[in-house]
Amino acid sequence: MYDGRRPDGSYANTQDAFNAIRCVDDPRVTDPAVAARQDAEYRRAAPFLDDGRGTGAAPLELCASWPVPNTSEPHRIDVDGVPKIVVVSTTDDPATPYQAGVDLAAELDAALITFEGTRHTAALVAGNRYLDTAVIAYLVHLTVPEPGLTC
């Protein structure tokens, strides 16, 4: 399902699209020494994912040779003139660290909703009526949730 496999055995282009988007959004790592350092940091930070076969010579990843130049570098986001933004961040999200949502909300001067859970993407899919009610109120009426809302 994650890779979009269809009943006939073919696949959707979701993963290809993700790679194309990621490669034009993110800064490129083209230095093998940087890739090796990042690989070592990854293995230290997530030892349960370390198979014990790290060589210190990590290969460059796909985006290092992507044929289209990336279009942006990390930068401060300017959101002046838009309504107050709401960020939902999950405490034990397996894909996005909770702190990333906290930091994003701070950078955007946004309201933060903390979802206590272990899933990636919680709003309108986790079945939490408090979270869904707050998100729907924002989407329909631009009602900003109370500060510190935790669901």
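**Questions about a predicted model**

Q: Is the disulfide of C23 and C63 left-handed or right-handed, judging by the torsion about its S-S bond?
A: In this predicted model, the torsion about the S-S bond of C23 and C63 is about -80°.

Q: How many disulfides does a search of the whole structure find?
A: To count as a disulfide, two cysteine sulfur atoms must lie within 2.5 Å of each other. The sulfur atoms of C23 and C63 are 1.9 Å apart, and these two residues form a disulfide. Searching the whole structure gives a total of one.

Q: Are C23 and C63 buried or exposed?
A: A residue is called buried when its relative accessible area is under 20%. C23 falls in that class, and C63 does too, so the word for both is buried.

Q: Which element gives the most to the largest nonpolar core?
A: Eleven residues make up this core, among them V86, F115, Y138 and C151. The elements giving two or more residues are β2 (111-115) and α4 (129-141). With four residues, the one that gives the most is α4.

Q: Why is C151 counted as buried, and what is its relative accessible area?
A: C151 belongs to the largest nonpolar core. In soluble globular proteins, nonpolar side chains tend to be buried together. The cut-off for buried is under 20%, and C151 counts as buried because its relative accessible area is 13%.

Q: Which element gives the most to the lining of the largest pocket?
A: The lining has 14 residues, with V87, V88, S89, D93 and T96 lying nearest the centre of the pocket. Two elements, β1 (86-90) and α3 (98-108), each supply at least two lining residues. The one that gives the most, with four residues, is β1.

Q: How many residues of the lining of the largest pocket are charged?
A: The pocket has a volume of about 260 Å³. Its lining includes seven nonpolar and six polar residues. The number that are charged is one.

Q: What is the phi of L124?
A: Most residues other than glycine have a negative phi. L124 is not a glycine, yet its phi is positive. This residue lies in the loop between β2 and α4, and its phi is about 65°.

Q: Where is T121 found?
A: T121 is also a residue other than glycine with a positive phi, near 75°. With a relative accessible area of 44%, T121 is partly exposed. Its place is the loop between β2 and α4.

Q: How far apart are the C-alpha atoms of A40 and P7?
A: A40 lies in helix α2, and its 32% relative accessibility makes it partly exposed. P7 is 33 residues away from A40 along the chain. Their C-alpha atoms are separated by 39 Å.

Notes
Residues are numbered from 1 along each chain as its sequence is written. This is a predicted model: local features need pLDDT of at least 70, side-chain atom pairs count only at pLDDT 80 or more; totals for chains, interfaces and linings use all residues. Side-chain values use heavy atoms; hydrogens and water are left out. On a 1 Å grid over the protein atoms alone, a cavity is a set of points where a 1.4 Å probe fits but cannot get out, and a pocket is an open set with protein on both sides within 12 Å along at least five of seven lines; lining residues have an atom within 4 Å of a point. Grid points are joined across faces, edges and corners, and a volume is the space filled by probe spheres set on the points. Ala, Val, Leu, Ile, Met, Phe, Trp, Tyr, Cys and Pro count as nonpolar, Asp, Glu, Lys and Arg as charged, and the others, Gly among them, as polar. A nonpolar core is a set of buried Ala, Val, Leu, Ile, Met, Phe, Trp, Tyr and Cys residues joined through side-chain atoms within 4.5 Å. Buried means under 20% relative accessible area, exposed over 50%, partly exposed in between (1.4 Å probe, protein chains only).
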